[in-house]
Amino acid sequence: MKEPQNAPPVAVVIGAGDATGGAIARRFARGGYTAVVTRRHQEALIPLTKTITAEGGQAHGFGCDARDENAMIELFRHVEEQIGEVEVVVFNIGANVHFSITETTERVYRKVWEMAALAGFLTGREAARVMVPRNKGTIIFTGATASLRGSSGFSAFAGAKFALRALAQSMARELGPKGIHVAHPIIDGAIDTDFIRENFPDKYAQKGQDGILNPEHIAEQYWQIHCQPRDSWTHELDLRPWMETF
């Protein structure tokens, strides 16, 4: 069964959490895209898909392990055949952990790499496979401070994020001439999430001074990246609160 005729274009958000990923999905839904959102467990997506529908958009939620090659192949096949043409893909899986190097186990290092690097590769490859024949599309990989420098205690996270940044650069050089915009925004600072509020109250207290990132504002920047004309494409930009140090 092929996708319905005249179906809206699709924006796929891999790692559509309660903050940034969800805000990105909602922004693209407001822009006329069908939002296809994924997390490990489908039930965790119910509030997000209900919100998008209540706001007048279209959304589909799928439980999917982005580290599983067959699962990612099947996800993109299903979307293309049953929902619509994939025009935007956002890879937004976090995987941030903090361990001293002597306490970092092989299991931790491997799992973080799988989540932030291997899953990014599988997402990017499947996105490219459906976009290249159409010579258009946008692929966005969410970066972090650890994409640029490895801080104490972040050997696993920084290693994985460095790898993801390299993937984004290679894909941009290969796919740009084929009409596909690959971007790597770097989120440099704390984001307004329940995790920051509960675990870093001093940092969260800076919210009243615009000292932490608003997920809705991050989402707007992703939308603007997608809307850029080809002669003015951004590959990498950093988003940080005004008080965050460089």
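Q: How many residues line the largest pocket, and which lie nearest its centre?
A: This is a predicted model. The largest pocket holds about 1,800 Å³ of space. Its lining is made up of 49 residues, and the ones nearest the centre are G94, N96, F157, I191 and F195.

Q: Which helix gives the most to the lining of the largest pocket?
A: Elements that give two or more residues to this lining are helix 1 (20-30), strand 2 (34-39), helix 4, strand 6 (143-144), helix 5 (155-175) and helix 6 (194-199). The top contribution is three residues, and it comes from helix 6.

Q: Which helix gives the most to the lining of the second largest pocket?
A: The second largest pocket has a volume of about 210 Å³. Among its lining residues are D192, K207, H217 and Q221, and Q221 sits in helix 8 (residues 215-227). With three residues, the element that gives the most is helix 8.

Q: Is Q221 buried, partly exposed or exposed?
A: Q221 belongs to the lining of the second largest pocket. Buried requires under 20% relative accessible area and exposed requires over 50%. Q221 has 31% relative accessibility, so Q221 counts as partly exposed.

Q: How far apart in space are Q221 and R27, C-alpha to C-alpha?
A: In sequence, Q221 and R27 are 194 residues apart. In space, their C-alpha to C-alpha distance is 10.0 Å.

Q: Is R125 buried or exposed?
A: R125 lies in helix 4 (residues 106-131). Beyond neighbours within four places in sequence, R125 is in contact with E69 and I73. The cut-off for buried is under 20%; R125 has 18% relative accessibility and therefore counts as buried.

Technical notes: Residues are numbered from 1 along each chain as its sequence is written. This is a predicted model: local features need pLDDT of at least 70, side-chain atom pairs count only at pLDDT 80 or more; totals for chains, interfaces and linings use all residues. Side-chain values use heavy atoms; hydrogens and water are left out. Helices (H or I, at least four residues) and strands (E, at least two) are DSSP runs, numbered from the N terminus. Buried means under 20% relative accessible area, exposed over 50%, partly exposed in between (1.4 Å probe, protein chains only). Contact means heavy atoms within 4.5 Å. On a 1 Å grid over the protein atoms alone, a cavity is a set of points where a 1.4 Å probe fits but cannot get out, and a pocket is an open set with protein on both sides within 12 Å along at least five of seven lines; lining residues have an atom within 4 Å of a point. Grid points are joined across faces, edges and corners, and a volume is the space filled by probe spheres set on the points.
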